[in-house]
2 protein chains.
Amino acid sequence: MATPKQLHLTAFMRPVSLHTGAWRYPGSYPDANFNLAHLKHFIQRLEAAKFDAFFMADHLAVLNMPLEALQRSHTVTSFEPFTLLSALSVVTTKIGLAATASTTYDEPYHIARRFASLDHLSNGRAAWNVVTTGNPESARNFGLDEHLEHSERYKRAREFHSVVTGLWDSFADDAFVRDPESGVYFDPQKLHVLDHHGAALHVRGPLNIARPVQGWPVIIQAGQSEPGRQLAAETAEAVFCSPRDLDAGKALYADIKARATAAGRHPDHLKILPAAFVVVGDSVEDARAKRRQLDSLVYYDSAIASLSIALGTDAAAFDPDAPLPVAEIPETNASKTGREGVLRLAREENLTVRQLAQRYGGYSGLAFVGTPESIADEMEVWLREDAADGFTVVFPFLPQGLDAVVDHLVPELQRRGIFREDYEGTTLREHLGLPRPANRFFS
Amino acid sequence: MATPKQLHLTAFMRPVSLHTGAWRYPGSYPDANFNLAHLKHFIQRLEAAKFDAFFMADHLAVLNMPLEALQRSHTVTSFEPFTLLSALSVVTTKIGLAATASTTYDEPYHIARRFASLDHLSNGRAAWNVVTTGNPESARNFGLDEHLEHSERYKRAREFHSVVTGLWDSFADDAFVRDPESGVYFDPQKLHVLDHHGAALHVRGPLNIARPVQGWPVIIQAGQSEPGRQLAAETAEAVFCSPRDLDAGKALYADIKARATAAGRHPDHLKILPAAFVVVGDSVEDARAKRRQLDSLVYYDSAIASLSIALGTDAAAFDPDAPLPVAEIPETNASKTGREGVLRLAREENLTVRQLAQRYGGYSGLAFVGTPESIADEMEVWLREDAADGFTVVFPFLPQGLDAVVDHLVPELQRRGIFREDYEGTTLREHLGLPRPANRFFS
């Protein structure tokens, strides 16, 4: 029997969790934003469970929200991802290390250099999550009043990717001969000066770093907009996306793989890894109760604002402890998809207005909430029906939410033969089944 | 008896050494540029010897030299300092970690964030070497044809320092209450939005990092030009300078301390740490022989070019294996100080043209070459005569040059009671005897 299609798992991390109520969950580590010991523990558990990568989310600003809500958020501050992942590279040996870096507010020489350095430090485990930075607050931290316009950001991102990968190719893999006898440290025939002059960027090169262990660190992308999908199809090797359900996942998977093929790439060289909020319980009801408890810790005033946006009407006027008064919600003001999602959720889980609001203020994307078996069943469906090549796992709370995945879900996936029992290789490219890129200047 | 004035020691590092011939020296590690194990060994030895800090030199370009010379240089490529020092922070507990970052080719929000993050990761051991980047090759890696003019660079640097330290003060030290009961994560009264609008920079803030452990990472400066000295006097807490001899050291020391006092600072809060190339031998002649062997590994064509610049005449025309023909050197073309330095050196050590050239192509700054006792004698004179508060030690070759300092020179300095037997505190500020800065927005 052939080996079934294998699942890839990356952990999408914030030190305390992405969920805004998580720091108040019993047993959590509210100080993890600046406590390396906790992060070391998390990544070592994920490596023991053979996760493909540890992916650190990032922002280039304190998030733009009213101070009344901001003061309740644990996501305002944390270690900067490069310094953190470099530190974590020393206490791990196999797991991939993915960091976000912005093509809008940074320089290609800096980005190329840092990812190449992390790739050398970690012996081939670095990945770059290419973002164009949608948060307009960031602009004002970098000397700009106005955020760069969306399509301009994507044009710059495409050129930026080309420059960064070109800089990574500055030296041939075998450039450094280091022969003490002749005194020749590197072969000058194996040095390429990029000398890039494009629409947005002028970068001479060469990079002052040897070619990365992986050739290029793995390229990750998250965009789901039209230019975001196209950029991913042309450049990404892993796509971290957020389809709301299986049908949306299948459509997105087919679209991005088709675009990659059209761009002349092998579709297997681009892995689609939807973000999934995973809550494991002893029973489905136990998992749902955990999630309800977590949601109940979300600050209500912010939560009701999120729900109001999703519904397109002021939900603060409703009785928070009664079911959603569907008849009172005007049809025209909200986006149809958003509104239908809310109504479906209210129906399915029989949630009050407060509970619905706190769900929206916590985490409202794709979620697998159940037993190890039920979650593995869902993951298998996504894998088999070509909606995913794996998942970008979001933990509801730490450390327990991570422990439950590592201790119960991963063994169930391994038992089914769809997730590795051990790493097959040593680099992130090897974990993800991605080829090592040829050097564009030296073959 | 009062404790004598204490010496501070920082190690000024490149992975293979700063000396261009070092990678060919017997027993050296030519691959150390991308071999973390070697760097881990070096820093752990320096920490065991109670060095104040490990300082990683840096460049933002492949150095501008003819390819014929470039191919012989081990200084072309190496780990990027932030990723490297973050990794090394995990394998050390006390030694300071100093990185260079440019105010000309980077953004204050990025710089503030990375140093704050390194300071949190290392529990208060980060230092920022503020450079304006004099290498014109760098400009072309960052979209500019022309290098920013010298005085413009220093004006920007002064404003940049003010913005970065202002961002570090975004949160009061006790801002983060993290009270799960009330749901308040930080006290909003203890958050300051910088909203800086200056001549060169516009940065809103706040920084998305808690105030650094040290309040501010330690500020280091190297400039010796007029604006460089003034910037150091106003902002630096450690000055890494290059006086050529004791008299020049005393003059520079007095000048910078006086400028600091005039700027309203306590002169003890700015440590003067001249760079010193330290070669330890069993005898003075043994140490000199080691240095001659090292110099002999410098590529002659580059070396003779360096000597020609120092003399202001084409030295390639002289017989390389004869003494310097002083009478044949025109008086007018060279800078007087540089020319006199060469002539003194030629006289003192009785060097041939080749040896002189290779000295200039290797390391031509202040050097202490001798026995542990003779070097300790020299260091004591600098300390006692107020030419230095310590030294920025440059190792001739690694690992042996470092081992000799750690195993023989440091114990001699300890025996004399001028260097610590153990760390007194845990942060770099404590090692250097520097106060923790008050938060300018919260007292």
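Let's start in the loop of chain A that runs between strand E14 (390-394) and helix H14 (400-415), which is where A:Pro399 sits. In this predicted model, the peptide bond joining A:Leu398 to A:Pro399 is cis, with omega at about 5 degrees. Chain B has a cis bond to look at too, from B:Gly205 to B:Pro206, with omega near -5 degrees. B:Pro206 is in a loop as well, between strand E6 (202-203) and strand E7 (218-221) of chain B. Most peptide bonds are trans, and most residues other than glycine have a negative phi.

| Residue | Phi | Place |

Are they buried or exposed? A:Arg178 is partly exposed, at a relative accessible area of 26%, while B:Asn350 counts as exposed, at 64% relative accessibility.

Now for a pair of helices in chain B. H7 (residues 226-235) packs against H8 (residues 246-262) at an angle of about 55 degrees, and their axes are 8 Å apart. That angle makes H7(B) oblique to H8(B), and the crossing is right-handed. On the H7(B) side, the residues that meet the partner helix are B:Glu226, B:Arg229, B:Gln230 and B:Ala233. Across from them, H8(B) brings B:Leu252, B:Asp255, B:Ile256, B:Arg259 and B:Ala260. Sorted by type, the contact has four nonpolar residues, one polar and four charged.

Key. Residues are numbered from 1 along each chain as its sequence is written. Chains are lettered from A and ligands numbered from 1 in the order in which they are written. This is a predicted model: local features need pLDDT of at least 70, side-chain atom pairs count only at pLDDT 80 or more; totals for chains, interfaces and linings use all residues. Side-chain values use heavy atoms; hydrogens and water are left out. Axes are lines fitted to C-alpha atoms, for helices over the stretch in contact, and angles run from 0 to 180 degrees between N-to-C directions. Helices (H or I, at least four residues) and strands (E, at least two) are DSSP runs, numbered from the N terminus. Angles under 35 degrees count as roughly parallel, over 145 as roughly antiparallel, 65 to 115 as roughly perpendicular and the rest as oblique. A crossing is left-handed if the near helix is turned anticlockwise from the far one by less than a right angle, and right-handed if clockwise. Contact means heavy atoms within 4.5 Å. Ala, Val, Leu, Ile, Met, Phe, Trp, Tyr, Cys and Pro count as nonpolar, Asp, Glu, Lys and Arg as charged, and the others, Gly among them, as polar. Buried means under 20% relative accessible area, exposed over 50%, partly exposed in between (1.4 Å probe, protein chains only).
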